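Please keep both in view while reading.

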Amino acid sequence: MEEFLHRQERREEKNKRKNRPIVLLTYVFVLVFLGMFGYVIYFLVQDANRVVANTGNRRQDVMADLVQRGEIRTSDGTVIAKSEQKNGEEVRIYPYGELFCHVVGYNGYGRSGLELAMNFQLLTTHENIFKQVQDDLQEQKKPGDNVITTLDYKLQNAASKAMGNHKGAVVVLEPDTGKILAMVSKPGFDPNEMDKVWDEIHTVEGEKSTVLLNRATSGLYAPGSTFKTVTALEYIREHGSTEGYSYTCKGEDSFNGVKIVCYKHREHGDVDLEHSIGYSCNTSFANLGMKSISMDGLHSTAEDLLFNQELPYDGSTSTSSFVLTGSSSRDMIPQTVIGQGDTQITPLHNAMIMSAIANGGVLMRPYLVQEIRNSSGAVVKSYSSSAEKKLMTAKEAKELSELLKAPAEYGTSSWKFKNYRHKIIGKTGTAEVDSNGRCNSWFVGYSNPEDPDIVVSVVIEDSDSDGLTGVEVAGAIFETYYP
């Protein structure tokens, strides 16, 4: 009997050893199944909309067969893109033609602008379920959601009119929220005529056309004297304040064999840092760059201000560049510190730097969409401002603001803003683009320094052709904002 029981125990132990791998494998399969099940739930809750909303997802084309594309509107309700049924086909209509062409974009021959970035939202419907069922029964497309932008029609129109037929760009934003109120790029195109536009840019004559380029976000320009703000910030960081600098300007000077000339050879006399900013004294800043600051330090400060990196913005942008370092040839310093040389910047980036100055050193992430609403007007989703990055300390921002009062009070923009009813803080810039004297005109600044209202960044290409300046365009925008 004992021997029988002993054999029985040995059989049971042997069976357990045989079954152990099966049990372990069963546990593995259960864990894998639970993991997959958990991921499916997580994906449906967390990531599904993001994946479907990806601009490369072809499922959105299927959605277009079931949903009529929603409207795009300004913040005051002006419809700037809509869909209509014509001869049984859905046609995209842009009521204001070129006015919003780059920021809103186009829907045909691919997509661009908000038509691309908000494609998923425009092809999604949040209409009530009874209306959706009714549309299904009648074999009609469901109405897509509407995108409500941060754009201000009056400011957009004022900027466009002030630019006239000049090439260039304008960006207007709120420094304390990051809302983009206007974004204009010229030359433009009529998105209602994309067949014609597409044919023209694919001809021999039109192959170099840049009408589809959004210069506000992707146009790269020499910053000219607007870069002196960056150079001044480096001086503040190395010397602790704006004090202690002096130079005697004679209208021109030579630095390491490089000749630097002030505008119209004007002699500014004895200047400190404030007067150097106010008069935009080229020779003074070249002297400062050669004798008072480190080029490695300036490179670091430029990168603190988002040069050589992707900008925090949801749309497509170009990367601004600053290449000078301590190991670069000293011959490069005089031109680079005054905003010439190899340095390049976009109008949006210039606006973001000034926005951080106006906002105590903190950059608010720029954005274009404030709400998604269904076709009945109910809010589906709201977007809000968010602090993106601290570009400088509050003390540095305040010191730069004090320096940047000078151009409007007695310097390069005083002819326009000296007696203006709202104080303007900002910097002008003239950037040479070739050896024939062609120049681009810049202005970047903000209004009401005690409680900043708007930042305006303007670049006008070939401004010397008829004298239109960035200051004039900015003035028209400020005057529209303060009726």
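The expected span of a helix is 1.5 Å times one less than its number of residues. The model discussed here is predicted.

**Helix α19**

Helix α19 covers residues 470-481, which makes twelve residues. From the first C-alpha to the last, α19 reaches 17 Å, close to the expected 16 Å. Which residues of α19 are buried? They are Gly 470, Val 471, Val 473, Ala 474, Gly 475, Ile 477 and Phe 478. The elements that cover these buried residues include the helices α7 (153-163) and α18 (414-417), together with the strands β7 (168-173), β17, β18 and β19 (455-460).

**An open sheet of six strands**

Six strands form an open sheet with mixed pairing, in the order β4-β3-β2-β6-β14-β15. At the edges stand β4 and β15 (379-382); each has a single partner strand, so one side of each is left without a neighbour in the sheet.

Within the sheet, strand β2 (residues 72-73) runs parallel to strand β6 (residues 146-149), and two bridges join them. In this pair, Arg 73 stands opposite Ile 148 of β6.

Is strand β14 (residues 369-373) largely enclosed or largely open? Four of its five residues are buried, so β14 is largely enclosed by the rest of the structure. A residue counts as buried when its relative accessible area is under 20%.

Strands β14 and β15 also pair in the antiparallel sense, over three bridges. Ile 372 stands opposite Lys 381 in β15. The two strands β14 and β15 form a hairpin with five residues between them, and Gly 377 in the turn has a positive phi of about 100 degrees.

**Backbone features in the loops**

Most residues other than glycine have a negative phi, and most peptide bonds are trans. Several places in this model depart from that pattern. Leu 306 has a positive phi, near 85 degrees, and Asn 308 likewise has a positive phi, near 65 degrees. Leu 306 lies in the loop between α13 (295-304) and α14 (333-336), and Asn 308 is also found in the loop between α13 and α14. The accessibility of each is as follows: Leu 306 counts as buried because its relative accessibility is 3%, while Asn 308 is partly exposed, with a relative accessible area of 31%.

| Residue | Phi | Relative accessible area |
|---|---|---|
| Leu 306 | near 85 degrees | 3% |
| Asn 308 | near 65 degrees | 31% |

A cis peptide bond joins Lys 186 and Pro 187, with omega at about 5 degrees. Pro 187 is placed in the loop between β8 (180-186) and α8 (194-201).

Another proline, Pro 95, sits in the loop between β4 (89-93) and α3 (101-104). Pro 95 is partly exposed, with a relative accessible area of 42%. Residues up to four places away in sequence aside, Pro 95 touches Val 79, Ile 80, Ala 81 and Lys 82. Val 79 is 16 residues from Pro 95 in sequence, and their C-alpha atoms are 7.4 Å apart.

**A cavity and a pocket**

How many cavities of 30 Å³ or more does the model have? The count comes to one. The volume of the largest cavity is about 60 Å³. Its lining includes Pro 223, Phe 227, Phe 307, Met 354 and Val 444. Helices α10 (228-239) and α15 (347-358) each supply at least two lining residues, and α15 gives the most, with four. By class, the lining of this cavity has nine nonpolar, three polar and no charged residues.

The second largest pocket holds about 990 Å³ of space. It is lined by 32 residues, and those closest to its centre are Ser 225, Tyr 263, Asn 282, Gly 429 and Thr 430. At least two lining residues come from each of β11 (258-261), β17 (424-432) and β18 (439-447). Strand β17 gives the most to this lining, with four residues. By class, the lining of the second largest pocket has eleven nonpolar, 15 polar and six charged residues.

Methods. Residues are numbered from 1 along each chain as its sequence is written. This is a predicted model: local features need pLDDT of at least 70, side-chain atom pairs count only at pLDDT 80 or more; totals for chains, interfaces and linings use all residues. Side-chain values use heavy atoms; hydrogens and water are left out. On a 1 Å grid over the protein atoms alone, a cavity is a set of points where a 1.4 Å probe fits but cannot get out, and a pocket is an open set with protein on both sides within 12 Å along at least five of seven lines; lining residues have an atom within 4 Å of a point. Grid points are joined across faces, edges and corners, and a volume is the space filled by probe spheres set on the points. Ala, Val, Leu, Ile, Met, Phe, Trp, Tyr, Cys and Pro count as nonpolar, Asp, Glu, Lys and Arg as charged, and the others, Gly among them, as polar. Buried means under 20% relative accessible area, exposed over 50%, partly exposed in between (1.4 Å probe, protein chains only). Contact means heavy atoms within 4.5 Å. Two strands pair if DSSP finds at least two bridges between them.
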